[in-house]
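User: Hi! I'm new to reading protein structures. Could you walk me through this one with some questions and answers?

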Amino acid sequence: MEGLRMDYRFTAALILMLTMLAFFTEPAYPAESQTNVSGSNTSIEGGYTGGATTYQSGSSSNTTSTTNSTSNVKSAPPTSSAPSYNSMTQDVCAVGVSMGVQTFGFGVSGGKHAIDKNCERLKLARILNDFGMKVAAVAILCQDERVFESMIQAGTPCPIDGKIGKEAKELWGKYDHERPDYTTYVKRMKDREKADLAEQKRMTKELDKLDKELLDTKPIHNK
């Protein structure tokens, strides 16, 4: 009986302690809270009660932001690409020529094949010489005014109308307008005429001077 009474006492004491603990204990709040507004951190100690921010009557908050940007960009016009022209084989005397022009908003390019006449002469003269046609090979080379002039200077005029040597020289003098170097030849002849005329005037002046000196030194005989 005594043991049962002790159990009741212990249970009553335990209930009393739990009731007092529940009554006197307050809820725990965090010691520190943090609020992030527009990138700024504010540390608030203790209890905190949040609410909406209220402006007083007659106050206002205005934010104005103006950004001006000006740029001046200068750039080169696009590149005009000229077409490429290539020779189909190595045994041709054609070369490719191309060009292009480009401006802002407009561009043009073009190209074509050009024939190298001197290359053709060399190839034809080589073939004729291989066939034993030496005079014909020289004749086709003489179509170049540089070759023609060098042959004249060497005293071996280029062939004309089947004539060579002295006979060819006479025909070239008679039909000089057929010379491949006709323009240069006419200019050279005019320059030579001017030089001959100047030399003739100089010689005439010298002769007149000599005649005057002879007259001044000739003794005068009185009758």
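Analyst: Let's start with Arg179, which counts as buried at 9% relative accessibility. Keep in mind that this is a predicted model.

User: Which ring does the charged end of Arg179 sit over?
Analyst: Start with who touches Arg179: leaving out residues up to four places away in sequence, there are Phe148, Glu149, Ile152, Trp172, Tyr185 and Arg188. The charged end lies 3.9 Å from the centre of one ring, and that ring belongs to Tyr185.

User: How many aromatic pairs does a search of the whole structure find?
Analyst: The search covers the whole structure. The count of aromatic pairs comes to 1.

User: Why is the pair of Phe148 and Trp172 given the type it has, and which type is that?
Analyst: The ring centres of Phe148 and Trp172 are 4.8 Å apart, and their planes meet at 85°. Planes over 60 degrees apart fall in the edge-to-face class. So the type of this pair is edge-to-face.

User: How many residues apart in sequence are the parts that this pair ties together?
Analyst: Phe148 belongs to helix H4 (residues 145-153), while Trp172 belongs to helix H5 (residues 165-174). The pair therefore ties together parts whose separation in sequence is 24 residues.

User: Are Phe148 and Trp172 buried or exposed?
Analyst: Buried means under 20% relative accessible area. Phe148 has 0%, and Trp172 has 9%. So Phe148 is buried, and Trp172 is also buried.

User: How many nonpolar residues are in the contact of H2 with H3?
Analyst: From H2 come Arg121, Leu122, Leu124, Ala125, Leu128 and Asn129, and from H3 come Lys134, Ala136, Ala137, Ile140 and Leu141. Sorted by class, the contact has 1 polar and 2 charged residues, and the nonpolar count is 8.

User: Is Ile127 buried, partly exposed or exposed?
Analyst: Ile127 is found in helix H2, and its C-alpha atom is 8.1 Å from that of Ala137, 10 residues apart along the chain. With a relative accessible area of 43%, Ile127 is partly exposed.

User: Which residues is Val135 in contact with, leaving aside neighbours within four places in sequence?
Analyst: Val135 is in helix H3 and counts as partly exposed at 48% relative accessibility. Its C-alpha atom is 9.0 Å from that of Cys158, 23 residues apart along the chain. With those neighbours left aside, the contacts of Val135 are Pro159 and Ile164.

User: Last one: what pattern does the protein follow along the sequence?
Analyst: The protein has 6 helices and 4 strands. Of its 223 residues, buried ones make up 9%. Reading along the sequence, the pattern is α-β-β-β-β-α-α-α-α-α.

Conventions:
Residues numbered from 1 in each chain as written. Predicted model: local features only at pLDDT ≥ 70, side-chain atom pairs only at ≥ 80, totals over all residues. Heavy atoms only, no water. Phe/Tyr/Trp six-rings, centres within 6.5 Å; stacked < 30°, edge-to-face > 60°. Helix = DSSP H or I, 4+ residues; strand = E, 2+ residues; numbered from the N terminus. Buried < 20%, exposed > 50% of the residue type's maximum accessible area, 1.4 Å probe, protein only. Lys NZ or Arg CZ within 6 Å of the ring centre and 35° of its normal. Contact = heavy atoms within 4.5 Å. Nonpolar A, V, L, I, M, F, W, Y, C, P; charged D, E, K, R; others polar.
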